[in-house]
Amino acid sequence: MTSEAAETVDAVAISPAADGGFLQRYGASIEYILIPGAALIAALAVFGLFVFLFGKNPLNLYYYMYQGAFGTWFSWQNSLTRAAPLILTALCTALPAQLGMVIIGGEGALLIGALAATGAALALPSAPPLVVQLAMAGAGMLGGGLWIMLSGGLRQYRGVNETISSLLLVYIALAILNHLVEGPMRDPASLNKPSTPEIGAANMIGAIPGTEVHWGLVFGVIAAVASYILIYRTTFGFAARVAGGNIRAARIVGLNVGRLVMTICFLAGAAAGLAGMVEVAAVEGRANANLAAGYGFTGILVAFLARQNPLAIIPVAILLGGISASGGLLQRRLGLPDASVQVLQGIIFVFVLASDALYGRIGFLKGKS
Amino acid sequence: MAGGSIGLWTVPLAVFGGAIRVSTPFLFVSLGECITERSGRINLGLEGTLVMGAMSAYGISYLTGSPWLGVLAAGFTGALLGALHAGICSLPRVNDIAVGIALMLLGTGLAFFLGKPLIEPTAPRLPAIDFGWWSDIAQVRAALRINVLFLIGVALAPILFWAFRTTRWGLLIRTAGESSDAARAMGYSVLGIRLRATMVGGFLAGIGGSFLSLFYPGSWNEGLSSGQGITAVALVIFARWDPMLCLWASLAFGGAAALGPALQSVGITSGYHLFNAAPYILTLAIMIITCSPKRTLSGAPAELSITR
């Protein structure tokens, strides 16, 4: 990922703007759409073969996947609702990736953010809804941000590998969630599924008018666009990409790498924490084990498929939200296990990574140089 | 209080027994990862391998009635996943850490998909050897019911230690891990060495998974492994890529992981989930203590992407 950022810069800087054909000018950009697209199609084909081995018709599979994801207005809304947390958790991987860091702990930041947001709502029982919602968002972002900042700080100041530490923190966050919802924060009335008390219907963030999609989607899109601007249009973002490309060069030109790492990791965690807040304030209404639904892990895939580009994350998150939305239909109509979606996601991930080998090697995209 | 006549002694005893029982998957995964990482590549996908191993061992044991065939099947499943990892990593410009994450997701997804029909039936489990026959105390006997796989794992650690030092294969793996140029100059295929090292690593991790489903806890369900695989990968780092240190670290980890259930058995149930997180907290703490931003870790293979 480190080199990618650098390559993009090179391609822009080196390719002559005036002469040169269309392919020469846009070949690199086309690659960024064509190659992941081809990887996606190949993965779908392999998944079709896989379910064929279990006696299911692949054409039925694709039909129901389309129906369940984008076939009706209802399924569109379902897909968009699932895309909201995916955009935010994908940012948790994509932002540190600009610095060359591989953070895969979005799930942990989501859970901590959800807990912090729930705690904020329960601490303000008689405040007006807007105040409660703002407090929830603030607490969620702060909680998630500090959680990922911990991984960043350990990497920066102790040399601890951030990939492993962020994943270990997922399991620790899960233990904290289980401990709190079954112990100190438990609503005694929740018998079968231990949960915290509800945050109250008035405090829920509602749906976008005319739809059943909650406002979390708008938060996600805003966060993605803001991240894009931060990374590609500000000095701070430029500094981050320099440090991601060549850390020694960054130090030589006097960049404060430590501050970059901590800030980026905080923002990344804040995005995932906001996803947790949204899941509490728009879907669950309380904190319980349902929150660990794997959005954090799917978010990693979204970030890689979007090649860590914050803007590309939006459509990719909608696509993968659609795939997970279609899971229910696959279960009901084809009798496939609920893990089918996870298998497909795994296959897509493998193909997307393998396709990294193709960049710059597709003959007709190179143009003549 | 369930401790009976020996009272609070139940806790250290259960931790000791747990260290032996719970450590086995840690031991196999960490030894396997040790081989892979010594060859200069990191496979973070062993979490998925562990779960796939557990599922395939349970399935084969159920279908054939032989738990040992199950163990073998788990090993081969793990080797296949290792080959997949190594195959993708052989492509130019592919990041091995990212491939590991992908295989972690793919492995667990596949295991849950294929293992769906296995949640109900009961498969024959691995036998245990009773080392506690001399004692009248039930807890002592329970703690000393030891599985053969544990003994194999314990024997494997010094064998690997010796093999890395003295055998031709050990030297080749280390050469590939320290300097791929040197290995190439000697006329060996670095990718080939890493392929084999990753497959052997996957084989061992698969066997570690078979222990989960066939001995302790001894059933197949989707919550079987929760991060043991990734903890074992972290364990290799602070064991300094030394198989013997992997053994001691695995035992310490098993003990930490047994703390929650042990306290629960004497009636201390508050904070149960927090005690269950003990191995992860311990891993993180040890990594914080042993890592340093100033120098690369002593004993680290120079080609390893996480230390560069």
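**Close-up views of a two-chain predicted model**

**View 1. Overall build of chain B.** Chain B has 308 residues and a radius of gyration of 19 Å, which agrees with the value near 19 Å of a compact globule. That radius is taken over C-alpha atoms, and the globule rule is 2.2 Å times the number of residues to the power 0.38. The model is predicted: local features need pLDDT of at least 70, side-chain atom pairs count only at pLDDT 80 or more, and totals for chains, interfaces and linings use all residues. Residues are numbered from 1 along each chain as its sequence is written, and chains are lettered from A and ligands numbered from 1 in the order in which they are written. Chain B holds 13 helices and two strands (DSSP runs, H or I of at least four residues and E of at least two, numbered from the N terminus).

**View 2. The largest nonpolar core.** This core has 225 residues (buried Ala, Val, Leu, Ile, Met, Phe, Trp, Tyr and Cys joined through C-beta atoms within 7 Å). Helix α11 (residues 257-284) of chain A gives the largest share, 17 residues. I87(A), L91(A) and I313(A) touch the most other members.

**View 3. Loop residue R307(A).** R307(A) sits between α12 (295-305) and α13 (310-325) of chain A. Its phi is positive, about 50 degrees, though R307(A) is not a glycine. R307(A) counts as buried because 23 C-beta neighbours lie inside 10 Å (buried is 20 or more other C-beta atoms within 10 Å, exposed 12 or fewer, partly exposed in between, with C-beta atoms placed from the backbone).

**View 4. The cis peptide bond at P217(B).** The bond from Y216(B) to P217(B) is cis, with omega near 0 degrees. P217(B) lies in the loop between α9 (190-214) and α10 (228-238) of chain B.
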